[in-house]
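I opened this notebook to record what I looked up, one topic at a time.

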Amino acid sequence: MLRNDVEFKKSLQDGRRVFYEGAAVSDVTKHEILKIAINHASDLFKWQNQKQYSSLLVRPDNEYGNISAFYAVPKTTGDLKERFDVIYETTRLGRGMFNIVKAIGSDAMFALMIVSRIIDNEFKTNYSERINKFYRDTVQNDLALSVAQTDVKGNRVLRPSEQPDKDMYVRIVERRDDGIVVNGAKAHTTQSVASNMIIAIPTRNMTEADKDYAVAFAVPPNAKGVSLISRPMKASESAIKDPSLVIGNNNAENETLTIFDHVFIPWEHVFMAGEWKYAGLLASMFPTYHRFTAIAYRAAMGDLYLGLGKLIAEHNGTSETSNIRRNIVNLMTYKETLRLAGIGAAEYAEMDTQTGIYVPNRVYTNVGKLFANQNYLDSVKNLVDIAGGLASTLPHSSDLNNPEERELLLKYLSGAIVNKTEERIRLISTVREIISSYGALFTSAMLHAEGSIEASTIELYRSYDYSESKKLALFASGVVDKL
Ligand SMILES: Cc1cc2nc3c(=O)[nH]c(=O)nc-3n(C[C@H](O)[C@H](O)[C@H](O)COP(=O)(O)OP(=O)(O)OC[C@H]3O[C@@H](n4cnc5c(N)ncnc54)[C@H](O)[C@@H]3O)c2cc1C
């Protein structure tokens, strides 16, 4: 049953333990800053009930009736292409800000459906039955999900079991007849405050000594022992003082340090409990889906930067100069390379033979993600180069509202297009928002979120099939005489 935005927000008023800048938050939907992240998430629930977006966001399902498009399990390459479009278009509707609360959870559920079957085959466990039931509950109740994969990790070069403090990775501390008890913390959990369930999965491969850390489960954010410590949302803190900052006032996501202090998880929500041999497979299967999601939302962000760059260049009268044309084509290349990677990853997806679920092509997904990691700051450089110094020195929007200053600003901040100075000011102000109040978040998120540069590098280096290239090298060197 598809929910609406009001029902979604109400479901978050459940006594979850949240902290923001040193204070406990009694209701995330009413908190001055956090409510911006909640409202952003609620847009997905609002849009799916609006006629103009239903073909994008709703899918008919034989078993469950109308379901969220995010939760449609990809059973063809075409399904993956549609998934790419759903993420791309919802990011555009969110003014270039990703809206994660259904995308990331489905990425994790698809990965768990595939990996649980492999574990069940070897160990005669019933994890696939459990994840399928969890999927059914999620779809039928139209839940919002967050995913806590990244552990706090302590000393990065030590394995979980080698850490001096054993809680640096989330682990099982007790096994009971009715479930397990977990302890530890995960970092950077996006929109946990706006989710109905948190899915936790391992962040790396494990050895036998790490088997208590090979754990995957789902838990409601209001479960006893769960604490969510928010990061400061500086973009929204700035925006509430400046109504002209439309993105920060409407479209923001939140991250928490997510602490599990001896949290009880009933067996029905446990999807891995000690099968250490498969922790690495799950830790890499989820990012394959999630990086496919990433290239879709990053392409939409690229679309925003391209639109800003082109319009500001037109306002500045520079859009036909060779240097600015180069900047604009660089922005276009960033966006379109990501779209190409997404189309390639969907077209050359592989079917998991046991479940019939399609997995995005790992090479194209990771090449796209690595390209996004490595070129994001260059795309910002191109945009700032086009916009000029006003992207930092533009007066505040309240100056424009002061009659004493208004005429002066409209006269002296005009560009090549007559009578559209306010539009020019708003566009440049958005560039300033991207590089200033959103600057810290985007700089770090575009380098690290969905895995660092090294994560995609490792995945590509080890999973790439070099055989064709090697054959060609041997052929071209005369070592063999045919390809
Ligand atoms: C905005 C944002 C949102 C995020 N959302 C989520 C989320 O919803 N859920 C989630 O689970 N995670 C989330 N992440 C986490 C993201 O996946 C991680 O930031 C990323 O995997 C890097 O991990 P880290 O931040 O712990 O950095 P670190 O692991 O500390 O890495 C820092 C640097 O050290 C390098 N490094 C680390 N260990 C080693 C080693 N052993 N050898 C060599 N080099 C090493 C890395 O390659 C990197 O360059 C989010 C991150 C951001 C920034």
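I took helices (H or I, at least four residues) and strands (E, at least two) as DSSP runs, numbered from the N terminus. The model is predicted, and I kept to its limits: local features need pLDDT of at least 70, side-chain atom pairs count only at pLDDT 80 or more, and totals for chains, interfaces and linings use all residues. Residues are numbered from 1 along each chain as its sequence is written.

Serine 68. I found serine 68 in strand 4, residues 65–68. Is serine 68 buried or exposed? Serine 68 is buried, because 23 other C-beta atoms lie within 10 Å, and a residue counts as buried if 20 or more do so, exposed if 12 or fewer, and partly exposed in between, with C-beta atoms placed from the backbone. Leucine 143 is 75 residues from serine 68 in sequence, yet their C-alpha atoms are 9.7 Å apart.

Helix 2. I noted that helix 2 covers residues 34–47 and spans 21 Å from its first C-alpha to its last, close to the 20 Å expected, the expected span being 1.5 Å times one less than the number of residues. Of its 14 residues, 12 are buried, among them Leu34, Phe45 and Trp47.

I then looked up an open sheet of 6 strands, in the order 2-1-10-11-7-6 with mixed pairing, where two strands pair if DSSP finds at least two bridges between them. Strand 2 (23–25) and strand 6 (171–175) are at the edges with a single partner strand each, so one side of each has no neighbour in the sheet. Strand 10 and strand 11 pair in the antiparallel sense over 5 bridges, and serine 227 stands opposite isoleucine 259 in strand 11.
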